[in-house]
Structure formats: structure tokens, C-alpha cells
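Have a look at it first, then read on.

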Amino acid sequence: MLNLFKKITQEPVDSFQDRLNKDDIPKHVAIIMDGNGRWAKQRGLPRTAGHKKGVGIIESIVEAAGQTGVEMLTVYAFSTENWNRPEDEISYIMSLPERFFASFMPKVMEANMQLRCIGDLSRLTPKVQTIIQDAMEQSADNTGMIFNIAVNYGGRLELVRATQKIAQEVAKGTLAVEEINEAIIGSHLYTPELPDVELLIRTSGEERVSNFLLWQIAYAEFYFTDTLWPDFTPDEFHRALYAYQNRDRRKGGLTQSK
Ligand code: IPE
Ligand code: IPE
Ligand code: MG
């Protein structure tokens, strides 16, 4: 008994990475990065301090995802509903991409990653649009992990936009109503060539989807943690992957042994 206890307590703290099955890494992981405001409030700081800290940890999680073999990582940075926040908070959030992209893009290029953004970018300032456009163009031919940032993104808006495009094709006569199926709808989303999300992580203790990737998460596993986004670590990312690997993904069928 004593020996067994010793063995457990002597395990390295960051051991979830070692326990991962390399053959069962989710291809597409999505993260709702929530809790910046509460992180700041707990410290008596303005909400903007939480956003600053939150942006600062993104790189470590992207790196952890790349190292574990995740092929696509999509993070929720700003929702179509986040415009309902006070103007000064919004303008602070919109000031963050400039510095973030300046320090992050060299690393994206070095890691051969492809950077993409999804959402209605037309509502962003011309400056932010240019920064995002440049980053996407610069990394477009890279062949490593796809890092996808959702900015002014709403799952319902994405479906409205897809429906409009499909309706236009039907009106033009290039698509028949009978041809509309799941693949056609999927191909009109922001993420036509990305596979469905297999693991969705949400930090901060909230257990809701908040209009994120509504179509793509149809069969995703959800991992909720009380950790606030600025405190999220690579170790907890590995823990989420480990939890995913221990789920029984039946997808409407019967239990499969993993
Ligand atoms: C997530 O943190 C960041 C954005 C939504 C932009 P919040 O700002 O929502 O933080 P809480 O939920 O108020 O703690
Ligand atoms: C979801 O978080 C959006 C992002 C993390 C960008 P919110 O904080 O906006 O979501 P609600 O309001 O708690 O549902
Ligand atoms: Mg929130």
C-alpha cells in the first residue's frame, strides 16, 4: 500500500502529456477563451488587464496544440454579441491584434503554421483588417497546423450567410434544391475544408456554447473547466485531450472500445 501511494505521488505534475495516446489526438480542437474579465476583477484590476493577460497566453496553448499533433485549433476571440459591451472595452480589445500579430507571426512562420480568421471581418477597423489579411496571406502556403481565430464570429450569422449564398446559387440556376445536403451546407461555411470539431474546450466555468461553431460541433466532446482563460496552461490543455481520449464517442451507434 505504502509503495503504491509513493508511486502515485512521485508522478511528475505535468503528466497528462505523457499519458496521451498519440494515435487518438483530435484533429480539430476549438476553445472558447472565457474568463478574462473575472480574472481581472479577482485582482482588483480593470477588465482590460484580463484581456491583455489572456492574449498573452494564447501562444503557449498554440504551441502545446502543435506539439501534441492537433491539426487545427480554432479559438473564439470576439463574438458577434460582444459588440454589446462598453465602447472602451471593445476598443481596447480591438487594439490587441496589432501587437499580438507583430510578435506572433514570426513564430507562425517558423512553425510552418497557417493562420486564418473566420467571422465578419468587415466590421473591424481597416487597420485590423489589413493586419489579419497580411497574416493570412503570409502564411497561406504553410503546411503545418492551422490556427484559426474567430473574430466578430457568430454561428448563426455563419449559417445565415451560407443560406444566402446557397439561395443565390439556386436563384441563378447553378444549384438544384434537391442537391442541397449536409456537404453543400458545410461547403458554404467559413470553414469549408476543415473537419468537424472533435473537442470543444470552454474555460471559466460557464457551460454554454455562446453561438460558437454551431454546425461544426454537432458531435464534439465538451470539456469545461473552472480555470479562467488567463490561468489556462499547456498542462490543462493536455488534461482536456486526456479527458477526450477517455470518452466513449458513440456518435449515435453503440459503444466502441477504444
Ligand atoms: C473572454 O473573457 C474574452 C471575450 C469575450 C472577448 P470575458 O471578457 O468574457 O471574461 P468574463 O466572462 O467577463 O470573465
Ligand atoms: C464567448 O464568451 C465569446 C468569447 C469567448 C469570445 P462571452 O463571455 O461573450 O459569452 P457569454 O456572454 O458568457 O455567453
Ligand atoms: Mg465571458
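1. First, the term: a salt bridge here is a side-chain nitrogen of Lys or Arg within 4 Å of a carboxyl oxygen of Asp or Glu. Arg-249 makes one with Glu-198, the closest N and O atoms being 3.8 Å apart. It's a link between distant parts of the chain, 51 residues apart: Arg-249 sits in the segment after helix 9 (234–245), and Glu-198 in the loop between helix 8 (182–187) and strand 5. Arg-249 is buried, at 10% relative accessible area (buried is under 20%, exposed over 50%, partly exposed in between; 1.4 Å probe, protein chains only).

2. A word on ground rules. This is a predicted model, with local features needing pLDDT of at least 70, side-chain atom pairs counting only at pLDDT 80 or more, and totals for chains, interfaces and linings using all residues. Numbering runs from 1 along each chain as its sequence is written, and side-chain values use heavy atoms, leaving out hydrogens and water.

3. The whole structure has 13 salt bridges. One of them joins the side chains of Arg-202 and Asp-34 at 2.8 Å, N to O. Both residues, Arg-202 and Asp-34, are buried.

4. Arg-202 and Asp-34 also belong to a salt-bridge network with Arg-38, Glu-206 and Arg-208. Within it, Glu-206 pairs with Arg-208, closest N and O atoms 3.3 Å apart. Arg-208 is partly exposed, at 46% relative accessibility.

5. Finally, Gln-114: it's buried, at 13% relative accessibility. Its contacts (heavy atoms within 4.5 Å) include Ser-139, Asn-142 and Phe-147, leaving aside residues up to four places away in sequence.

Note on methods. Chains are lettered from A and ligands numbered from 1 in the order in which they are written. Helices (H or I, at least four residues) and strands (E, at least two) are DSSP runs, numbered from the N terminus.
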